[in-house]
Amino acid sequence: MATGPRRRPRSAGSTALFARVNPDNHTKALAAADALGVSLAAYVDALLARDELDERGRPTWWPIDDTSSDQEELPLQRVS
């Protein structure tokens, strides 16, 4: 009795990550994963594992406006 196509087993200790990205970046990531002979998930996981963070937990490559304060600003109320 056929039960249909089998799903690949999930990696133990992993969780799903869903993100909408620019179509060109999606194509680029798929091509890189294919060139490496790994899945897109393995490629993205390796990228994230190598992402260097600063002392505040932010990626070091992300452009940061150092003039901003650590506190959130309250929105200004309009006077009617």
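**Labels and the values behind them**

Analyst: Trp62 is found in the segment after H2. The model is a predicted one.

User: How do you know that the length of helix H1 agrees with its number of residues?

Analyst: H1 has 14 residues, and at 1.5 Å a residue they should span 20 Å. The expected span uses one less than the number of residues. The end C-alpha atoms of H1 are 20 Å apart, so the two values agree.

User: Why is Asp54 called buried?

Analyst: Asp54 has a relative accessible area of 19%. Buried means under 20%, so Asp54 at 19% counts as buried. Asp54 is found in the segment after helix H2. Leaving aside residues up to four places away in sequence, Asp54 touches Thr60 and Ile64.

User: How much of the chain counts as buried?

Analyst: Of the 80 residues of the chain, 4% count as buried. The accessible surface of the chain is about 8600 Å², and 53% of that surface belongs to carbon and sulfur atoms.

User: What makes the pair Asp54 and Arg58 a salt bridge?

Analyst: Side chains of opposite charge can pair when their charged atoms come close. The cut-off is 4 Å between a side-chain nitrogen of Lys or Arg and a carboxyl oxygen of Asp or Glu. For Asp54 and Arg58 the closest N and O atoms are 3.0 Å apart, so the pair qualifies. A search of the whole structure finds one salt bridge.

User: Why is Arg58 called partly exposed?

Analyst: Arg58 has a relative accessible area of 24%. Partly exposed lies between the 20% limit for buried and the 50% limit for exposed, so Arg58 at 24% is partly exposed.

User: Why are Asp45 and Ala16 called exposed?

Analyst: Exposed means over 50%. Asp45 has 53%, so Asp45 is exposed. Ala16 has 56%, so Ala16 also counts as exposed.

User: Where are Asp45 and Ala16 found in the chain?

Analyst: Asp45 is found in helix H2, while Ala16 lies in the segment before H1. Ala16 and Ala41 are 25 residues apart in sequence and 9.0 Å apart in space, C-alpha to C-alpha.

User: Which residues make the nonpolar surface patch?

Analyst: Trp61, Trp62 and Ile64 make a nonpolar surface patch of about 360 Å².

Note on methods. Residues are numbered from 1 along each chain as its sequence is written. This is a predicted model: local features need pLDDT of at least 70, side-chain atom pairs count only at pLDDT 80 or more; totals for chains, interfaces and linings use all residues. Side-chain values use heavy atoms; hydrogens and water are left out. Helices (H or I, at least four residues) and strands (E, at least two) are DSSP runs, numbered from the N terminus. Buried means under 20% relative accessible area, exposed over 50%, partly exposed in between (1.4 Å probe, protein chains only). Contact means heavy atoms within 4.5 Å. Patches are made of residues with over 30% relative accessible area and no salt bridge: like charges are joined within 9 Å, nonpolar side chains (Val, Leu, Ile, Met, Phe, Trp, Tyr) within 5 Å. Accessible areas come from the Shrake-Rupley method with a 1.4 Å probe; for residues, only the protein chains shown count as cover.
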